[in-house]
Amino acid sequence: PQPRYYPDFSVLTSTCSCTMAAAEGSLPVPPAAALKEIAPPAPPAVDSPLGAALAKLDTVADGEAAKAVSTEICDLLKGQSLDLVHQAIPVITKTKRPPAGQEATLLTITALAESMGQSAEPYLVAALPLCLELAASKAPEVREKAEGASHALMALLCPALSFVLPTIFANMQKEKPWQTRQLTLSLISQCVHTAPQQLAACLPEIIPELTPCMTDTKKEVKKAAKAAMNDSLKVVGNSDIEPVLEDLVTCIVKPNQVPELMHKLGAVVFVQTVDSPALAVMVPLLVRGLREKATATKRQTAVIIDNMSKLVENPIEAAPFLPLLLPALEKA
């Protein structure tokens, strides 16, 4: 298994002190805070009540027994130290189990997420890859429980969306089973209701990953990607471009409609401050407009860029998009 890394808080404290001193000019700027590798936690003792209950995950025979085992494990963990949850999670997320054992695993994860809440979030996040993987199980009961467990986990993890995105993006890739990709895309839609501000902040990373999925050959993935894109755009928060958001999604699938949309945007009077969520939506469209053959479309796109750039109050908001936009503008 891959080693897990946790912050060495003694180093962090020391580094922060040194950084303050460096700001005052008395010390050189220190390197980034070190991360301390520690061994995975030892599993609960086999002869303990929790250890015995966890062992049943490997031998459970059917769905009713799976429910009983998951209830027993959750009852043993409720009200206990989070260290015990930390010890149990690697055992719970063991990958090679029969379908009934997988069902019990997913029921346990769901129950822990719903009963323990945010306090257990740092430990339960390790269960998300397994839940998404089991969404492609051949057993329909396992697929159903995998969907429930994934959404239960995401309800906890949405406030920390930026830390979960690498897992989400990894499970959206073409080499993953389509059921896994479909479920993963639905998790993005879930964030619209539970963590809209965090979703808006992550749009610059999310939109480039969603775009290829919208033209996927699997219709279920394509439908889920379009729904995720439409839901994501609801949090942009820019009234100037809201009327054309639906057209923008259409242009991703049908690039031949870009000139018409650029003409429509040319009539928009931009008055609201332009921030990174709005740029995340607009920049891919503007790049396409600059790559059109028609000179009129390129000129209209350049005018839109000029109008929007005047409303960017914080240059840092625009900086990540310049490597994509400037070369296309210079070439046009």
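User: What share of the contacts in the protein with a separation of 6 or more comes from residues 24 or more positions apart?

Analyst: This is a predicted model, where local features need pLDDT of at least 70 and side-chain atom pairs count only at pLDDT 80 or more, while totals for chains, interfaces and linings use all residues. Residues are numbered from 1 along each chain as its sequence is written, and side-chain values use heavy atoms, with hydrogens and water left out. A contact means heavy atoms within 4.5 Å. Among contacts with a separation of 6 or more, the share from residues 24 or more positions apart is 70%.

User: How many helices and strands does the protein have?

Analyst: Helices (H or I, at least four residues) and strands (E, at least two) are DSSP runs, numbered from the N terminus. The count for the protein is 18 helices and 2 strands.

User: What percentage of the 332 residues is buried?

Analyst: Buried means under 20% relative accessible area, exposed over 50%, and partly exposed in between, with a 1.4 Å probe and protein chains only. Of the 332 residues in the protein, the buried part is 43%.

User: How many salt bridges does a search of the whole structure find?

Analyst: A salt bridge needs a side-chain nitrogen of Lys or Arg within 4 Å of a carboxyl oxygen of Asp or Glu. The search of the whole structure gives 9.

User: Which residue does E72 meet in a salt bridge?

Analyst: E72 sits in helix 3 (residues 63–77), and its partner lies 16 residues apart, in the loop between helix 2 (49–55) and helix 3. E72 is partly exposed at 29% relative accessible area. The N to O distance is 3.0 Å, and the residue is K56.

User: Is R97, which forms a salt bridge with D58, buried or exposed?

Analyst: R97 lies in the loop between helix 4 (82–92) and helix 5 (99–116), while D58 lies in the loop between helix 2 and helix 3, 39 residues apart. Their closest N and O atoms are 2.8 Å apart. D58 is partly exposed at 32%. R97 has 7% relative accessibility, so R97 counts as buried.

User: Which residues are linked with D58 in a network of salt bridges?

Analyst: The R97 and D58 pair links distant parts of the chain. That pair belongs to a network of salt bridges, in which D58 is linked with K94 and R97.

User: How far apart are the closest N and O atoms of D247 and K264?

Analyst: D247 is in helix 13 and K264 in helix 14 (residues 258–266), 17 residues apart. D247 is partly exposed at 26%. K264 is partly exposed at 39%. They form a salt bridge, with the closest N and O atoms at 2.7 Å.

User: Which backbone oxygen lies 2.7 Å from a polar atom of the S232 side chain?

Analyst: S232 is in helix 12 (residues 219–233). S232 has a relative accessible area of 0%, so S232 is buried. Leaving out residues up to four places away in sequence, S232 touches I188, V192, L199, L203, I206 and L210. The backbone oxygen at 2.7 Å from the S232 side chain belongs to A228.

User: Which backbone nitrogen does the side chain of N238 reach?

Analyst: N238 lies in the loop between helix 12 and helix 13. N238 is buried, with a relative accessible area of 2%. Not counting residues up to four places away in sequence, N238 touches Q272, T273, V274 and A278. Its side chain reaches, at 2.9 Å, the backbone nitrogen of D240.

User: Which helix gives the most to the lining of the second largest pocket?

Analyst: On a 1 Å grid over the protein atoms alone, a pocket is an open set of points where a 1.4 Å probe fits, with protein on both sides within 12 Å along at least five of seven lines, and lining residues have an atom within 4 Å of a point. Helix 11 (196–213), helix 13 (245–253) and helix 15 (276–290) each supply at least two lining residues. With 7 residues, the one that gives the most is helix 15.

User: How many of the residues lining the second largest pocket are nonpolar?

Analyst: The lining has 19 residues, with I207, V283, P284, L285 and L324 nearest the pocket centre. Ala, Val, Leu, Ile, Met, Phe, Trp, Tyr, Cys and Pro count as nonpolar, Asp, Glu, Lys and Arg as charged, and the others, Gly among them, as polar. The lining has 1 polar and 2 charged residues, and the nonpolar number is 16.

Note on methods
Polar contact = N/O pair within 3.5 Å; in protein donor to acceptor, adjacent residues only side chain to side chain.
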